[in-house]
Amino acid sequence: MAVLASAAVGCAAPGGLSQLHAVKEPSANSRVASLVSAHPPAPVAPAERPIAVRSTEARVVTVETRLAAAAWRSFAEDVDSDILANTARCPMEMALVDGRVCVDRWEASLVERRPSGEVRAWSPFYPVDGHEAVVRAVSRPGVIPQGYISGEQALRACQASGKRLCAADEWERACRGPNRTRFPYGDERKSRVCNDDIRGVHPVVEVALRLGIPDERRWTEGMNQPLINQLPDSLFETGMRAECTNEYGVFDMVGNLHEWIEDRDGTFRGGFYMDTSLNGEGCSYQTTAHDFRYHDYSTGFRCCMDPDRVE
């Protein structure tokens, strides 16, 4: 978050959300700039799955969108023998890292259980403040991941799915891959491999101008506005940058969203789409400027869990 700290330091005021937000079209890459007055959108929920499903099949990753399917097919041609033979020790949506820990392949999104029992997707553009008890984390390709979430809320969402937040060393090992590189894909930074290209105009500034938020309040009132991650060239769908991965088959660990780890004092890793270098390069990036209860548009997460034992 150092890119923001140079302008102002502070947390978003609770309850400071505008009800204006952009409507996201269902296609994978389209975004709408127009504003409408509405409540948080209620996308059609994907079918509910059992928590932490295990599979005994050798090829266990069967993705559900053409975007992620293409990415996975391209990637798996080279790594089937290295990854997929061992993945049965983890749920289908998780990668086995160093034989020690299962790590979500994709940044987390949320599903919500309604009073009626219906399960539907939670809008990734809204905080979950006050709704922590009814949401849980899922890891899926080709969807917008959840921003606007605190470390405490991320931990609770992982636990609701039988998982946990990753420890610092677990997260970093997954990011660096078996070759322990600086970025998931290698030691040298490459343009347009991960979502870290940096927009020409800071998204908080752009949204503050659109919504008429005064300059002196943009870094407080503007930080959790739903429109931010719906701007063009901002947050991408999970796995959209198909080369932002390594031999473990985890995606977007650098860029896209900051990712909370298990640290009650507050640490997130990997940078986000506006900064992956000011607080360390690539997989070494970490921010400790905010406590575990903080959230803004850039804060996301993924979950970890212990693998099945080998008998």
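These legends walk through several close-up views of a predicted model.

**View 1. A four-stranded open sheet.**
Let us start with the strands. Four of them line up in the order β11-β10-β9-β12, giving an open sheet with mixed pairing. The edge positions belong to β11 (286-287) and β12 (299-301); each has a single partner strand, so one side of each is left without a neighbour in the sheet. As a reminder, strands of a sheet pair through backbone hydrogen bonds, either parallel or antiparallel. Strand β10, residues 268-269, pairs with β11 in the antiparallel sense, and two bridges connect them. To find one of these places in the view, look for Arg-269, whose bridge partner in β11 is Gln-286.

**View 2. A salt bridge between Glu-93 and Lys-163.**
The structure has 21 salt bridges, and here we meet one of them. Glu-93 and Lys-163 form a salt bridge in which the closest N and O atoms are 2.7 Å apart. Glu-93 sits in the loop between α2 (66-84) and β3 (94-97), while Lys-163 sits in the loop between α3 (151-160) and β8 (164-165), so the pair ties together parts that are 70 residues apart in sequence. Are these two residues buried or exposed? Glu-93 is buried, at 15% relative accessible area, and Lys-163 is buried too, at 8%.

Moving on to Arg-164, we find its side chain meeting that of Asp-306 in a salt bridge, with 2.9 Å from N to O. This pair links distant parts of the chain: Arg-164 belongs to strand β8 and Asp-306 to the segment after β13 (303-305), 142 residues apart. Arg-164 is partly exposed, with 25% relative accessible area.

**View 3. Glu-112 and Arg-114 side by side.**
Here the side chains of Glu-112 and Arg-114 meet in a salt bridge, 3.0 Å from N to O.

**View 4. The disulfide of Cys-90 and Cys-102.**
Now for the cysteines. A disulfide is a covalent bond between the sulfur atoms of two cysteines. The structure holds five disulfides, among them the one formed by Cys-90 and Cys-102, with sulfur atoms 2.1 Å apart. This link is left-handed, with -85 degrees about the S-S bond. Cys-90 lies in the loop between α2 and β3, and Cys-102 in strand β4 (residues 101-104), so the pair ties together parts that are twelve residues apart in sequence. Both Cys-90 and Cys-102 are buried.

**View 5. The disulfide of Cys-166 and Cys-304.**
Cys-166 and Cys-304 are joined by a disulfide with an S to S distance of 2.0 Å. The link between Cys-166 and Cys-304 is right-handed, at 90 degrees about the S-S bond. Distant parts of the chain come together here: Cys-166 is in the loop between β8 and α4 (168-176) and Cys-304 in strand β13, 138 residues apart. Cys-166 and Cys-304 are both buried.

**View 6. The disulfide of Cys-175 and Cys-283.**
Another disulfide connects Cys-175 to Cys-283, S to S 2.1 Å. With -80 degrees about the S-S bond, the link of Cys-175 and Cys-283 is left-handed. Cys-175 belongs to helix α4 and Cys-283 to the loop between β10 and β11, so the pair ties together parts that are 108 residues apart in sequence. Cys-175 is buried, as is Cys-283. How are the bonded cysteines of the chain paired when numbered in sequence order? The pairing reads 1-2, 3-9, 4-10, 5-8, 6-7.

Our last stop is Asn-256, in the loop between α6 (218-221) and β9 (258-260). Asn-256 is buried, with 1% relative accessibility.

Definitions and conventions. Residues numbered from 1 in each chain as written. Predicted model: local features only at pLDDT ≥ 70, side-chain atom pairs only at ≥ 80, totals over all residues. Heavy atoms only, no water. Pairing = 2+ DSSP bridges. Salt bridge = Lys/Arg side-chain N within 4 Å of Asp/Glu carboxyl O. Buried < 20%, exposed > 50% of the residue type's maximum accessible area, 1.4 Å probe, protein only. Disulfide = S-S within 2.5 Å.
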